[in-house]
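Opened the notebook for a quick look through this one. Jotting down what I looked up as I go.

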Amino acid sequence: MTVDVATEIFEEHRPVLTGVAYRMLGRVADAEDVVQEAWLKWSAAAPEDVREPRAFLVRITTRLAIDRLRHLRSRRETYPGVWLPEPLVTDFGPTLPDTAERAVLADSVSLAVLVVLESLSPLERAVFVLREAFGFPYAEIAAALDRTEAAVRQLAGRARRHVEERKPRYDVDPAERRDLTERFLAAASGGGIEQLLSLLAPDVRLVSDGGGRPKAARRVIETADKVGRFLFAVAGALDPGGEIRVMELNGGPAVVHFIGGKADTVFQIEVGQGVIQCAYIIRNPDKLSGLPVV
């Protein structure tokens with residue numbers, strides 16, 4: 001196989017490889033590193049070792065991601081405050097005409113799901129991602145993980161039950177979610193505290209990640225009154241010289257505050273029964289450096 005052919009085949013499968021690695025690791029930079037390592041192994045592979053390019057590439061990417069996740073686990077246990085995934089710009093483009101398929105992919109990169117996936121073992125997470133997000137056959141997953149198909153089915157069932165038990169039940173209507181995002185933005189930037197409180201569920205939760213550097217809550221905040229007052233204070237403290245935009249991140253609308261053209265704060269909500277059920281704030285600069293500069 002010539003270098004040009006190897007490159008063409010790899011680039012054809014890069015979106016899937018990056019998608020698998022990001023869902024495994026929750027960080028764009030880590031996912032890109034894994035995909036780069038996969039490229040090195042792919043370009044050095046002997047032709048007789050590659051029976052089917054996609055299967056080979058998914059196998060090495062998944063195994064590299066599992067190894068890196070095991071290494072990262074110890075670092076996340078000592079993370080200052082709450083750990084949240086790195087925001088991912090999502091644009092599934094015209095290649096996914098099926099609305100149901102779009103919904104599955106969007107849900108699989110949502111902050112709510114990625115947080116739950118953190119509680120799975122690396123093997124369970126790999127099986128869940130390959131099966132639930134990308135629909136790989138059990139036999140192909142078994143080959144990728146060097147496990148029997150029966151063992152993979154058992155891992156898949158356990159992971160699915162775990163996620164279903166812990167995954168919050170949020171509405172996924174994109175129009176409603178965007179409407180509430182824009183209403184929140186209006187209330188926080190120009191309205192009053194009562195207007196903001198009216199958008200929150202009584203038991204709303206606020207999860208924020210500052211990485212121990214910018215100001216952020218170190219613990220989860222609960223109840224409408226506490227969350228509303230915290231968000232109102234945060235909105236009032238934003239640099240008035242900054243720029244606010246609504247972007248699609250992790251499959252849904254998010255409010256992004258830019259300072260000097262660089263993302264400083266990401267705010268995203270989850271919606272249920274017409275109100276905000278959960279809010280996320282990400283301020284760790286290491287997790288925002290990959291967002292577009294405006």
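I'm working with a predicted model, where local features need pLDDT of at least 70, side-chain atom pairs count only at pLDDT 80 or more, and totals for chains, interfaces and linings use all residues. Residues are numbered from 1 along each chain as its sequence is written, and side-chain values use heavy atoms, with hydrogens and water left out.

Entry one, H1. I looked up helix H1, residues 3–25, and found a bend of about 50° at Arg14 (the angle between axes fitted to the seven residues ending there and the seven starting there). Pro15, a proline, follows within four residues. Helices here are DSSP runs of H or I, at least four residues, numbered from the N terminus. Among the buried residues of H1 I noted Ile9, Phe10, His13 and Leu17 (buried is under 20% relative accessible area, with a 1.4 Å probe and protein chains only). After H1 comes Gly26, with a positive phi near 75°.

Entry two, Ser110. I found Ser110 in the loop between helix H4 (99–108) and helix H5 (111–117). Its relative accessible area is 7%, so Ser110 is buried. The Ser110 side chain reaches the backbone oxygen of Asp107 at 2.9 Å. Leaving out residues up to four places away in sequence, Ser110 touches Asn250 and Glu270 (contact means heavy atoms within 4.5 Å).

Entry three, H6 and H8. I checked how H6 (residues 122–133) packs on H8 (residues 149–166): the angle is about 90° and the axes are 8 Å apart. The two helices are therefore roughly perpendicular (65 to 115 degrees). The contact includes Phe128 of H6 and Leu155 of H8.

Key:
Axes fitted to C-alpha atoms, helices over the stretch in contact; angles between N-to-C directions. Parallel < 35°, antiparallel > 145°, perpendicular 65-115°, else oblique. Buried < 20%, exposed > 50% of the residue type's maximum accessible area, 1.4 Å probe, protein only. Polar contact = N/O pair within 3.5 Å; in protein donor to acceptor, adjacent residues only side chain to side chain.
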